[in-house]
Amino acid sequence: MDKKKSIIILSIIFLVLLSGIFILNMIDTEGSETSSLEEATTKIVDIDKADVSLISVINKQEKNAPSFIMKKDDDGNFGIDSISSFEKNQDKYTTFLESLLSLSSYKEVPESAIDDIKDFGFAPSKYDISITYKDGKNLDINIGKIAIDNSGYYVKTSDSDDIKLVRSKDIEAVMVDEKDFISDIFLKYPSKDGNIDPSIFTKIFIKLKGQKDIINIESNKQSLEYKSGEKINYILTSPYNSFLENTAVQFILPNGDLKADFVSDYGKQSLDKKEYGFKTPTLEVGFTVEGKQHTIVIGSKVESNQGLDDHGHLHLEEEFYYVMILGTNIVYEVRSSRLPWIDLSVKDLIKKNIFIPSLDKISNINFGIDGKDYDFKIEGESDNISVYIGDRKFDLNQFDEFFKEIAFIPIISGLVKKPEGKLLVSIKYSYRKEGVLPDTIKLYQVNDRDVSMIFNDKMFFTVDRDYVKKVIDSLKTFIK
């Protein structure tokens, strides 16, 4: 065989061997990946709820967290005696029981590979859970530290010397505290199809920290529908009197169950803790329903370090506050978006105008300006309205535009005290319907900058100065 043929043969043999090594390597790699993705799970707990009589839990990782026992009653339902006076979070009971009674491991550390149980977080453990069966037998479950890759926790059971790894999401569902089983709904009102009828709230008060005046709101007993076609549901009674925007008040009313993000603490002694801030609260809100007042007390802002607060609750981005309902002895943590009263301003609630009367329901409009009175008489209905001063008849289209301008005077803010100053103009609306009292508006020049309005001698406002000037100019022009 010549030298050239030998080189060709050797090259072919080398390529064949190289291909074989590559194929074997691929097979081995694929097999390795498949085994890691399809790790078999082994049942740690596989017990039917009917075969369990009680469960005890000791939480060792949270400071001052009490141990608790969950017992089964005669109807087969589990409960915790020490928190039986509070409303149950039934979803939490269900999740806890289903998770605990079906725990599985995805990997085991055999006894022969365990040098010191401290390496796995069992001296002491984070949580100890004991399940007692109907026949008196026990299964103890000790939960250690989380694995380096955060995939799971080390778990030790009383029926085995091996240490098991359980997925984080599975074991964290049973790492609970007694307070987690208290309902996170902190205020509940009767609703239909999930919506609350706003009319059940007859009184509302809001007291902001650092503000002397309390915001008091009451349902409006005075019907304005005849005057303007608009129904005003609520009025402000302090710090001053005003009609309120229906949509603004609805925003601050509960429209369903008021829900917390976490239950932080419970028991009368917990309410006095300085960190909760209930002695000098950020805000107090009260709702009166069927004669009974429910008061929400919003305490301090929840402080968190790297997203976790002192109770181990995760808070990212949004602010949270400690909240309690007067008389319930539970401390909740609630995100600010669930507390619409935090940044509330009275300016956001009041109507931007008193109301706009409907022209076909008015009998007379009297304007007092420059010491003279101009009395407009209004007759007819709908498109057949006629407007007169004495025998002088006005064009309806012209008067209608003028009327809309006069009727809408933009409000800037309310005033506590009755304003004083130079009277610029007075407007009195008298109505056709017998028994409906007239409405009066008086506009005063208080100083070089401010113009104020008095409505019916009991509601006081600062109004848009430039708009008032425009109204007065229009009135003078129209009368001429």
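I looked up Lys156 and found that Lys156 stands opposite Ile163 in strand E10. Ile163 is also the bridge partner of Val109. This is a predicted model, in which local features need pLDDT of at least 70, side-chain atom pairs count only at pLDDT 80 or more, and totals for chains, interfaces and linings use all residues. Residues are numbered from 1 along each chain as its sequence is written, and side-chain values use heavy atoms, with hydrogens and water left out.

**Strand E10**

I noted E10 as residues 163–167. Strands are DSSP runs of at least two residues (E) and helices are runs of at least four (H or I), numbered from the N terminus. E9 (residues 152–157) pairs with E10 in the antiparallel sense over five bridges; two strands pair if DSSP finds at least two bridges between them. Five residues separate E9 and E10 in a hairpin. E6 (residues 107–109) runs antiparallel to E10 and is joined to E10 by three bridges. Four of the five residues of E10 are buried. Buried means under 20% relative accessible area, exposed over 50%, and partly exposed in between (1.4 Å probe, protein chains only).

**Whole chain**

I counted seven helices and 30 strands in the protein chain. Of its 480 residues, 43% count as buried.

**Salt bridges**

I searched the whole structure and found 20 salt bridges, each being a side-chain nitrogen of Lys or Arg within 4 Å of a carboxyl oxygen of Asp or Glu. I picked out Lys351 and Glu245, whose side chains meet at 4.0 Å, N to O. The two are 106 residues apart, with Lys351 in the loop between E21 (330–335) and E22 (362–369) and Glu245 in the loop between E15 (242–243) and helix H5 (246–252). Lys351 counts as buried because its relative accessibility is 4%, whereas Glu245, at 23%, counts as partly exposed.

I then checked Glu379 and Lys377, whose closest N and O atoms are 3.4 Å apart in a salt bridge. Glu379 is partly exposed at 33%, and Lys377 is partly exposed at 42%. I also noted a network of salt bridges linking Asp261, Glu318, Arg335 and Arg338.

**Asp457**

I located Asp457 in the loop between E29 (451–455) and E30 (459–463). Its relative accessibility is 44%, so Asp457 counts as partly exposed. Leaving out residues up to four places away in sequence, Asp457 touches Lys418 and Lys442, where contact means heavy atoms within 4.5 Å. Asp457 and Lys442 are 15 residues apart along the chain, and their C-alpha atoms are separated by 8.6 Å.
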